[in-house]
Amino acid sequence: MNAHVVYATITGNNEDVADIIISAFKSASINVKKTEISQTEVDELEQTNIAVIVPYTYDNGSLPDEGLDFFDDLAQADLSGVVYGVAGSGDTYYMSDFGLAVPKFEAQFTKTNAIKGADGIKINLRPDDKDIILLNAFVSKLIQKAQN
């Protein structure tokens, strides 16, 4: 079984989120690939069992600029059989716009025939100990869904 974690980051917070997710996959003996969103083609996700997107939310609910092409291409992909999850950081300062990239990417995944493996996770800024526990549970759910 393998996983692919695709992340976008400005501050490094989302790369931290991606690294926590990757560590959890490795602890479960899952082969995992990590790529930055602007360096990743959506069709690469067709070759994996589990796809995880880790986007940040910019400004007032905007998607990462460097991930806009990936986001658009995702709607055209056929990821039947691939289990997906989305987790990303944002800033609660933006209140109702906090972490909007997470549900936006989840909505885009629904167009791909992929299988939702876990509810999206929104993290305020840099992940803390509580977030690490949430992310480990997130990965466990993804693995469990992929094994079923």
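This is a predicted model: local features need pLDDT of at least 70, side-chain atom pairs count only at pLDDT 80 or more; totals for chains, interfaces and linings use all residues.
Biologist: How much space lies in the largest pocket?

Modeller: About 290 Å³.

Biologist: Which residues lie nearest its centre?

Modeller: Thr11, Tyr56, Thr57, Gly90 and Asp91. The lining of the largest pocket has 18 residues.

Biologist: And which elements give two or more residues to that lining?

Modeller: Helix H1 (13-27) and strand S4 (83-90).

Biologist: Switching to Asn14. Where is its place?

Modeller: Asn14 is in helix H1.

Biologist: Is Asn14 buried or exposed?

Modeller: Buried. Its relative accessible area is 1%, so Asn14 falls under the 20% cut-off.

Biologist: What is Asn14 in contact with, leaving aside neighbours within four places in sequence?

Modeller: Tyr7, Ala8, Thr9, Val54, Pro55, Tyr56, Gly88 and Ser89.

Biologist: Now the largest nonpolar core. How many residues, and which have the most contacts inside it?

Modeller: The core has 24 residues. Ile21, Phe25, Val52 and Phe138 have the most contacts inside it. Elements giving two or more residues include strand S1 (2-7), strand S3 (50-54) and helix H4 (129-147).

Biologist: Which element gives the most to this core?

Modeller: H1, with seven residues.

Biologist: What about Ile21, what is it in contact with beyond four places in sequence?

Modeller: Val5, Val52, Val54, Ala87, Leu135, Phe138 and Val139.

Biologist: And what does the second, separate core include?

Modeller: Ala8, Ile37, Phe71 and Val82 are among its 22 residues.

How values were computed: Residues are numbered from 1 along each chain as its sequence is written. Side-chain values use heavy atoms; hydrogens and water are left out. On a 1 Å grid over the protein atoms alone, a cavity is a set of points where a 1.4 Å probe fits but cannot get out, and a pocket is an open set with protein on both sides within 12 Å along at least five of seven lines; lining residues have an atom within 4 Å of a point. Grid points are joined across faces, edges and corners, and a volume is the space filled by probe spheres set on the points. Helices (H or I, at least four residues) and strands (E, at least two) are DSSP runs, numbered from the N terminus. Buried means under 20% relative accessible area, exposed over 50%, partly exposed in between (1.4 Å probe, protein chains only). Contact means heavy atoms within 4.5 Å. A nonpolar core is a set of buried Ala, Val, Leu, Ile, Met, Phe, Trp, Tyr and Cys residues joined through side-chain atoms within 4.5 Å.
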